Amino acid sequence: MGYLGVALCVLICSLLIKDKHRVFSFALILSGICIIAVYSVSGLKSIVASASSIAEAAVSSELLTLMLKALAITLITGTLSDICRDNGESALASITETASKIVIIVMLLPLFENVIEIVNGLVK
């Protein structure tokens, strides 16, 4: 819950200095993002541990790796595109989101190929 306090403090301070010092406001927001990311790492450790135990039981480790990579790409891209939009760069935000979707699709192509092979094997 500490991340909520950090977010609130960063938001209030940023709003107070945004009109006079836009660069410092942006730097403050980036610092807040980094602090909240550090808080989030502990939560990610438990997610990875749970996902690993699930993967050992039912899913291959390759599939788990792909899922975690896609999740990380999605979270990072969402944060980056929000920062771009906050700074008036909506075109850059849109192309960043599009590029991340393409990266995820390319990353998941081997999985799609495996599914198609399995379906073809069941049909024949």
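Residues are classed here as buried when their relative accessible area is under 20%, as exposed when it is over 50%, and as partly exposed in between (1.4 Å probe, protein chains only). The structure is a predicted model, in which local features need pLDDT of at least 70 and side-chain atom pairs count only at pLDDT 80 or more, while totals for chains, interfaces and linings use all residues. Residues are numbered from 1 along each chain as its sequence is written, and side-chain values use heavy atoms, with hydrogens and water left out.

The protein chain contains four helices and zero strands, where helices (H or I, at least four residues) and strands (E, at least two) are DSSP runs numbered from the N terminus. The order of elements from the N terminus is α-α-α-α. The C-alpha trace spans about 70 × 35 × 15 Å along its principal axes.

Of the 124 residues in the protein chain, 16% are buried. The accessible surface amounts to about 9,200 Å², and carbon and sulfur atoms account for 72% of this area. Contact denotes heavy atoms within 4.5 Å. Among contacts between residues at least 6 apart in sequence, 50% link residues at least 24 apart. The protein chain carries 8 positive and 9 negative charges, whose mean positions are 7 Å apart. Lys and Arg count as positive and Asp and Glu as negative, whereas His and the chain ends are not counted; each charge is placed at NZ of Lys, CZ of Arg, CG of Asp or CD of Glu.

A nonpolar core is a set of buried Ala, Val, Leu, Ile, Met, Phe, Trp, Tyr and Cys residues joined through side-chain atoms within 4.5 Å. The largest such core has five residues, namely Leu66, Ala70, Ile104, Met107 and Leu108. At least two of its residues come from each of helix H3 (61-86) and helix H4 (90-123), and H4 makes the greatest contribution, with three. Apart from neighbours within four places in sequence, Ala70 contacts Ile104 and Met107.

Ser14 belongs to helix H1 (residues 2-17) and Ser25 to helix H2 (residues 22-57). Ser14 is buried because its relative accessible area is 4%, and Ser25 is likewise classed as buried because its relative accessibility is 2%. With neighbours up to four places away in sequence excluded, Ser25 touches Ser14, Ile17 and Lys18. Under the corresponding exclusion of neighbours within four places, Ser14 contacts Ser25, Leu28 and Ile29. Ser14 and Ser40, separated by 26 residues in sequence, have a C-alpha to C-alpha distance of 22 Å.

Ala99, in helix H4, is partly exposed because its relative accessibility is 38%. The C-alpha atoms of Ala99 and Asp82 are 15 Å apart, with the two residues 17 apart along the chain.

Definitions and conventions:
Areas by Shrake-Rupley, 256 points an atom, 1.4 Å probe, with all protein chains shown as cover.
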